[in-house]
Amino acid sequence: MAFPGKVIWMDGKLVPWAEANIHVLSHVVHYGSCAFDGLRMYANPKGSYILRLREHVKRLFESTKIYRMPIPYTVDQICEAVKTTVLANDLTSGYIRPFAFRGYHSLGVNPLNCPMVTAVAAWEWGAYLGEEGLKNGVSVRISSWNRPAPNTLPSMAKVAANYMNSQLIKLEALENGFEEGIALDSFGYISEGSGENIFIVKNGVLFTPPSSSSILPGITRHCVFQLARELGYEVRQHVLPRESLYIADEAFMTGTAAEITPIAKVDNVAVGEGKRGPITKAIQDAYFGILRGERADTYQWLEKVR
């Protein structure tokens with residue numbers, strides 16, 4: 001990451017980066033009452049484009065709806081705020097974070113008296129798991145921390161509180177020499193990484209855990225569904241036991257930050273040949289081909305900014 005940027009959009013105003021502050025007794029600080037989303041903007045010879053802008057903003061609104069945190073703006077207004085923020089920071093590519101949270105009024109679990117604050121930040125950010133990881137794959141471990149059980153914390157909401165669990169998964173992986181961790185769900189099936197969805201490839205078929213495995217239904221995950229099927233591969237959503245990762249022909253992670261990152265090893269067991277496999281590469285090539293302007297954007301994923 002490269003900090004700071006120039007300005008952050010806060011409730012309709014562009015605020016200097018260093019002045020975009022909140023009170024220490026804001027509800028979000030004590031109770032995690034924040035929903036957010038993450039988008040990437042890519043530059044290619046035709047201009048700068050945000051990937052699936054509207055879908056990401058709609059997911060932000062869905063997350064806040066689950067937690068009864070009404071955003072006092074429309075989806076269209078937040079989409080425009082995203083574009084305004086990018087342009088005000090003179091970015092041609094990078095990462096964008098729209099978010100909404102409960103602000104300063106009173107403390108207590110009941111959040112209803114605390115006002116909603118809506119903001120958008122944007123900055124330069126390279127490959128989340130490294131350029132080398134995109135090419136040759138990363139080493140991951142199965143975490144000792146599970147994802148929350150159904151009907152505890154809603155996994156379909158992209159909210160700050162859920163990422164305390166993600167921090168435990170990530171820290172444990174890093175402390176043990178791995179680049180990422182993979183959590184199981186409360187039933188012992190594969191769920192997701194600390195911030196990524198999981199795919200495995202077996203006998204030419206792509207498998208990924210379903211929403212019932214306590215995953216966030218990722219937008220990049222959905223991109224893979226579309227591209228894989230276009231390329232002639234079958235995609236199945238199915239509960240997956242831990243050991244299916246060890247005997248997979250290929251495996252990869254997806255996410256806005258992680259993009260499409262191959263998994264080379266799980267628990268020090270090589271996945272396939274221990275490197276990026278041909279199906280993973282084909283999907284990467286199709287995905288980045290659209291982002292680089294080398295393939296037609298037939299799915300209308302890209303929103304031009306400049």
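This is a predicted model: local features need pLDDT of at least 70, side-chain atom pairs count only at pLDDT 80 or more; totals for chains, interfaces and linings use all residues.

Colleague: What makes H6 roughly perpendicular to H8?

Modeller: The angle between helix H6 (residues 219-230) and helix H8 (residues 278-291) is about 110°. Angles of 65 to 115 degrees count as roughly perpendicular, so H6 gets that label against H8. Their axes lie 10 Å apart.

Colleague: Which residues meet there?

Modeller: From H6 you have Thr220, Cys223, Val224, Leu227 and Ala228, and they meet Ile283, Ala286, Tyr287 and Ile290 in H8. By class that's eight nonpolar residues, one polar and no charged ones.

Colleague: Why is H8 called largely enclosed?

Modeller: Buried means under 20% relative accessible area, and ten of the 14 residues of H8 are buried, so the rest of the structure largely encloses it. Among the buried ones are Ile279, Gln284, Phe288 and Leu291.

Colleague: How do you know that the span of H8 is close to the expected one?

Modeller: The rule is 1.5 Å times one less than the number of residues. For the 14 residues of H8 the expected value is 20 Å, and the helix reaches 20 Å from first C-alpha to last. Just after H8, Gly293 has a positive phi of about 80°.

Colleague: And what about the cores?

Modeller: The largest nonpolar core has 26 residues, and Ile96 is one of those touching the most other members. H3 gives the largest share, six residues. A second, separate core of 24 residues includes Ala228 and Tyr287.

Key:
Residues are numbered from 1 along each chain as its sequence is written. Side-chain values use heavy atoms; hydrogens and water are left out. A nonpolar core is a set of buried Ala, Val, Leu, Ile, Met, Phe, Trp, Tyr and Cys residues joined through side-chain atoms within 4.5 Å. Buried means under 20% relative accessible area, exposed over 50%, partly exposed in between (1.4 Å probe, protein chains only). Helices (H or I, at least four residues) and strands (E, at least two) are DSSP runs, numbered from the N terminus. Axes are lines fitted to C-alpha atoms, for helices over the stretch in contact, and angles run from 0 to 180 degrees between N-to-C directions. Angles under 35 degrees count as roughly parallel, over 145 as roughly antiparallel, 65 to 115 as roughly perpendicular and the rest as oblique. Contact means heavy atoms within 4.5 Å. Ala, Val, Leu, Ile, Met, Phe, Trp, Tyr, Cys and Pro count as nonpolar, Asp, Glu, Lys and Arg as charged, and the others, Gly among them, as polar.
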